[in-house]
Each structure stands twice: as structure tokens, then as C-alpha cells.
Amino acid sequence: MADKVRFAFTEVEPNLGALGTMPYLPITLTYQSQSVSVSGLLDSGSSVNVLPYEMGLRLGAVWERQRLSVPLGGNLSRFEARALVLTGTVERFPAVELAFAWTQDTNAPLILGHMNFFLAFDVCFYRSELLFEISPKF
Amino acid sequence: MTAAERIHQLVNALPAEQVNEILDFAEFIYQKQASSRFSLTNQDQGAVVSQGLHNSFEAAAVLAEALAEEKMSAHGR
């Protein structure tokens with residue numbers, strides 16, 4: 001099994017050229033028996049993983065059953081968030097447990113941050129080449 | 001003998017697998033203590049607003065607690 005996989009940055013704003021590309025990682029999230037394949041923004045500037053409200057619902061999570069409140073800062077501080085532990089699978093790497101701040105903000109992006117995506121994977125950015133590389137920590 | 005010394009003594013006498021279980025439990029207790037100060041009912045909302053996602057360390061502590069609980073729960077299954 002390859003221990004590193006490279007991904008291209010994703011174009012999100014065509015008018016800005018290279019500046020309009022961001023590191024979105026394709027990832028499959030699983031909760032109990034339900035899975036969704038999505039893209040999450042690799043955000044080394046975020047302390048936490050953030051899960052948008054609708055995505056949690058698509059996974060079958062029930063808001064009222066999540067008992068740990070997560071005090072998010074910044075723009076997301078206006079919305080309540082609760083902890084939700086999912087399984088994340090990237091490429092053919094072994095699945096890992098990822099804890100998310102499941103926010104009630106329906107416009108929030110899926111964010112992969114330090115707690116705990118960056119604890120589970122090493123990430124190397126090659127911004128000038130519009131590439132990034134992922135390898136799991138064992 | 002203090003409790004810490006007794007724990008140290010027991011850890012030295014146990015096989016590695018049991019030591020890892022003690023470690024999981026100790027980390028769970030540690031994270032629980034770290035995050036308990038930041039429950040929504042007690043938090044200073046103003047302080048949270050002044051944070052960004054870059055320094056939402058209280059939030060990170062809660063997620064660590066959730067992960068520790070999940071591991072403890074998996075051990076019990």
C-alpha cells in the first residue's frame with residue numbers, strides 16, 4: 001500500500017487563477033452504518049475539525065443524542081456545536097476515528113483541522129505546484 | 001506511599017497491554033478535567049467570540065474527550 005498520496009488543489013474561484021485554488025481532500029465519512037463521500041478543506045489554521053449540520057444529518061446522526069457541547073470561536077461562535085466522532089477513510093489508508101465539532105451553521109464548510117485530522121495524518125503542502133501530500137500516522 | 005507512587009508500582013508490575021488500558025483511562029480523566037471548565041453552561045461567551053478557529057483550544061479539548069470516550073466505549077464492547 002502506498003504510504004503517501006498526492007492530491008491536486010481544487011479550483012474554487014476560477015477568476016483568481018492559482019490563488020483561487022484550495023486544498024480540498026476527498027474523504028469518506030462514516031457514522032454507524034451510513035457513509036458520505038465528501039471533500040474537506042485542509043485547514044492548518046483551525047484547531048478543530050468542523051462538520052456542517054446537513055452533513056451530520058445525512059450521516060444519520062441525531063443532534064439531541066450528542067451530549068458534549070463544543071465552544072467554537074470566530075464566526076461559528078454564534079452557533080451551537082456538539083462533538084461527533086466519525087470514521088474517516090482517505091484513499092486506501094486505514095480508517096481513522098475523527099472527532100468533529102458538528103455545528104448548527106448550515107453554511108459552514110467541512111474543515112479538517114488539528115484536532116484531530118492533523119494528529120492522524122501528516123500533510124505536506126506544495127503550494128507552488130498546487131499539490132498536497134497525505135500520509136497516515138501509525 | 002502516595003497514590004502516584006502506588007500507581008507507578010502497579011504499572012511496573014503489569015503487562016504492556018494492561019498498562020495501555022490504564023493509559024487510555026488516565027488520558028480520558030485528564031481530558032475530561034481539561035474540558036469540564038468549558039461546558040456551555042459555564043463558559044464566558046465573550047471570550048469564545050474573541051477566539052477564532054485557530055485558537056479554539058477549549059473546543060479541541062472537548063473533541064479529545066469525545067475521542068477518549070469513544071475509545072473507552074469500544075473497549076467495553
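**Note on strand pairing and salt bridges in the predicted model**

1. In chain A, β7(A) and strand β8 (residues 96-103) run antiparallel and are joined by 8 bridges. Strands here are DSSP runs of E of at least two residues; helices are runs of H or I of at least four residues, and both are numbered from the N terminus. Two strands count as paired if DSSP finds at least two bridges between them.

2. Basis of the note. This is a predicted model, in which local features need pLDDT of at least 70 and side-chain atom pairs count only at pLDDT 80 or more, while totals for chains, interfaces and linings use all residues. Residues are numbered from 1 along each chain as its sequence is written, chains are lettered from A and ligands numbered from 1 in the order in which they are written, and side-chain values use heavy atoms, with hydrogens and water left out.

3. β7(A) also has a partner in strand β4 (residues 24-31) of chain A. That pairing is antiparallel, over 3 bridges. Leu29(A) stands opposite Gly88(A) of β7(A). β7(A) is mostly covered, with 7 of its 9 residues buried. Buried means under 20% relative accessible area, exposed means over 50%, and partly exposed lies in between (1.4 Å probe, protein chains only).

4. The hairpin of β7(A) and β8(A) has 6 residues between the strands. Among them, Glu91(A) takes a positive phi near 50°. The side chain of Glu91(A) also meets that of Arg92(A) in a salt bridge, 4.0 Å from N to O. A salt bridge here is a side-chain nitrogen of Lys or Arg within 4 Å of a carboxyl oxygen of Asp or Glu. How accessible are the two residues? Glu91(A) is partly exposed at 41%. Arg92(A) is exposed at 57%.

5. Arg82(A) has a salt bridge as well, with Glu80(A), at 2.9 Å from N to O. Arg82(A) counts as buried, at 16% relative accessibility. Glu80(A) is partly exposed, at 27%. Side chains of opposite charge can pair when their charged atoms come close.

6. Over all chains, the structure holds 5 salt bridges. One of them joins Arg67(A) and Glu69(B), with the closest N and O atoms 2.4 Å apart. This pair crosses between chains. Arg67(A) lies in the loop between α1 (53-58) and β7 (81-89) of chain A, and Glu69(B) in helix α4 (residues 57-76) of chain B. Arg67(A) is exposed, with a relative accessible area of 59%. Glu69(B) counts as partly exposed, at 21%.

7. Chain A also has an open sheet of 3 strands, in the order β1-β11-β10, with antiparallel pairing. β1 (5-8) and β10 (121-126) stand at the edges with a single partner strand each, so one side of each has no neighbour in the sheet. β10(A) pairs with strand β11 (residues 131-136) over 6 bridges, in the antiparallel sense. Within that pairing, Cys124(A) has Glu133(A) of β11(A) as its bridge partner.

8. Chain B holds 4 helices and 0 strands. Its elements run α-α-α-α from the N terminus on. Of the 77 residues in chain B, 26% are buried. The accessible surface of chain B comes to about 5,200 Å² (Shrake-Rupley method, 1.4 Å probe; for residues, only the protein chains shown count as cover). Carbon and sulfur atoms account for 58% of that surface.
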